[in-house]
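Please read the points below beside the sequence and the model. They are meant for someone meeting this structure for the first time.

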Amino acid sequence: MLRVGLTGGIGAGKSVVARRLAERGATVVDADVIAREVVEPGTPGLAAVVEEFGPGVLTPDGALDRPALGKIVFADEDRRAALNAIVHPLVGRRRSELVAGAGPDAVVVEDIPLLVENGMVTGFPLVIVVHAMEEERLRRLVDDRGMTPADALARIRSQATDEQRRAAADVWMDNSGALVDIEAAVDALWTQRLAPFEEHLRTGTRAPRPAHAVVVEPDPTWAVQGERLLGRIRRVVGDRLIRSDHHGSTSVPGLPAKDVIDVQLVVADLAAAEEVAGELAEVGLVRLPDRWWDVDRDGVERDKVLAANADPGRAVNCHIRPVASPAWRDGLLLRDWLRAHPVAVAEYAALKRDLAAQPHGSIDEYAERKTPWINAALARADAWAKEIGWDV
């Protein structure tokens with residue numbers, strides 16, 4: 001199955017997106033609904049809350065008085081942490097049960113308001129963040145939910161910032177406008193990304209890529225995207241990783257590149273690389289069949305394993321290299337040398353644009369034609385590394 005994290009600040013309209021995804025066929029698991037279930041009257045969860053916060057958080061009929069509890073926890077970080085320590089494990093267990101019950105071809109959307117705040121981004125191969133301007137969120141909370149402006153603002157300010165959510169977002173959905181606009185955006189997301197992503201993941205198929213190299217202007221978010229992907233990989237692979245890095249052209253600020261995030265994983269040997277590749281479906285990557293290899297500067301072929309994106313919305317090459325291969329060190333050396341030499345970045349950019357403009361060049365041919373320049377650059381980088389004492 002494809003698991004998707006859905007989040008957004010209070011009042012952003014996340015429930016509208018969740019409802020539309022459910023209409024398109026997603027299995028929606030709502031953390032807010034579960035959070036209510038686990039503290040219903042008679043549950044161990046409610047008993048634990050009363051023990052921690054006292055009987056003043058109960059209504060006369062014995063149910064949880066949410067406004068009363070909210071006034072305590074939203075103004076006090078320590079008390080909020082105490083509540084989370086009770087509720088979050090209960091919600092997590094129930095959420096796992098519901099996810100496990102979805103079909104193998106399901107798109108499971110887990111609606112989690114505090115996904116960013118609770119550090120859960122790496123648990124999903126794709127995260128959707130629903131956004132609305134703060135003024136609009138305040139209006140909705142006051143007009144639609146009956147909050148006072150002060151309480152509404154306190155709720156908003158107690159959550160993650162827009163910057164923190166942007167860093168977590170694979171998909172950023174602006175819900176500041178009309179209902180018809182956000183519904184159209186969700187429909188397009190489902191058709192163009194989520195449904196194909198699930199199919200590619202289930203069938204072990206790489207998402208389609210262009211036949212020819214397309215070089216685009218540098219995207220300042222490439223670094224954040226690379227680190228987000230590596231965070232997911234590190235969670236899955238754990239201590240089998242000797243190291244993991246974002247490398248290649250998208251790792252060099254200011255360098256035009258194909259819009260592909262290249263990461264490399266260094267592991268003990270080829271058998272470990274095979275094992276790791278088989279587990280990367282959990283982060284949205286599929287192992288590519290056949291033999292893959294790097295060619296050393298001296299012409300020797302070094303086998304590696306390659307995984308790539310099932311997600312049609314984010315191209316990724318994940319190179320899994322044995323530690324004995326010199327290719328992983330050369331990749332880091334070239335990256336760091338380029339970062340330190342703006343003139344070389346401009347030189348490389350001109351070459352890339354020229355090669356990409358040639359009408360007959362496939363992606364593989366494009367890569368091959370860069371090789372002489374790269375090998376010459378590595379020779380210059382060796383001298384630089386020796387001069388400054390660079391090492392991995």
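1. Buried here means under 20% relative accessible area, exposed over 50%, and partly exposed in between, with a 1.4 Å probe and protein chains only. By that scale Asp290 is exposed, with a relative accessible area of 68%. Asp290 is found in the loop between strand 10 (285-287) and strand 11 (292-295), strands being DSSP runs of E of at least two residues and helices runs of H or I of at least four, numbered from the N terminus. Phi of Asp290 is near 75 degrees, which is a positive value in a residue other than glycine.

2. This is a predicted model, in which local features need pLDDT of at least 70 and side-chain atom pairs count only at pLDDT 80 or more, while totals for chains, interfaces and linings use all residues. Residues are numbered from 1 along each chain as its sequence is written, and side-chain values use heavy atoms, with hydrogens and water left out.

3. A nonpolar core is a set of buried Ala, Val, Leu, Ile, Met, Phe, Trp, Tyr and Cys residues joined through side-chain atoms within 4.5 Å. The largest one has 32 residues, and those with the most contacts inside it are Val49, Phe53, Leu69 and Leu115. Two or more residues come from each of helix 2 (31-37), helix 3 (44-53), helix 4 (66-73), helix 5 (77-100) and strand 4 (126-131), and helix 5 gives the most, with 6 residues. Apart from this core lies another, of 26 residues, among them Val16, Val17, Leu21 and Leu126.

4. Leaving aside neighbours within four places in sequence, Leu69 is in contact (heavy atoms within 4.5 Å) with Val49, Phe53, Val57, Leu64 and Leu83.

5. Helix 4 and helix 5 pack at an angle of about 125 degrees, with their axes 7 Å apart, where axes are lines fitted to C-alpha atoms, for helices over the stretch in contact, and angles run from 0 to 180 degrees between N-to-C directions. The two helices are therefore oblique to each other, given that angles under 35 degrees count as roughly parallel, over 145 as roughly antiparallel, 65 to 115 as roughly perpendicular and the rest as oblique. In this contact Leu69, Ile72 and Val73 of helix 4 meet Arg79, Arg80 and Leu83 of helix 5.

6. Helix 13 (residues 342-356) and helix 14 (residues 363-388) pack at an angle of about 165 degrees, with their axes 10 Å apart, which makes helix 13 roughly antiparallel to helix 14.
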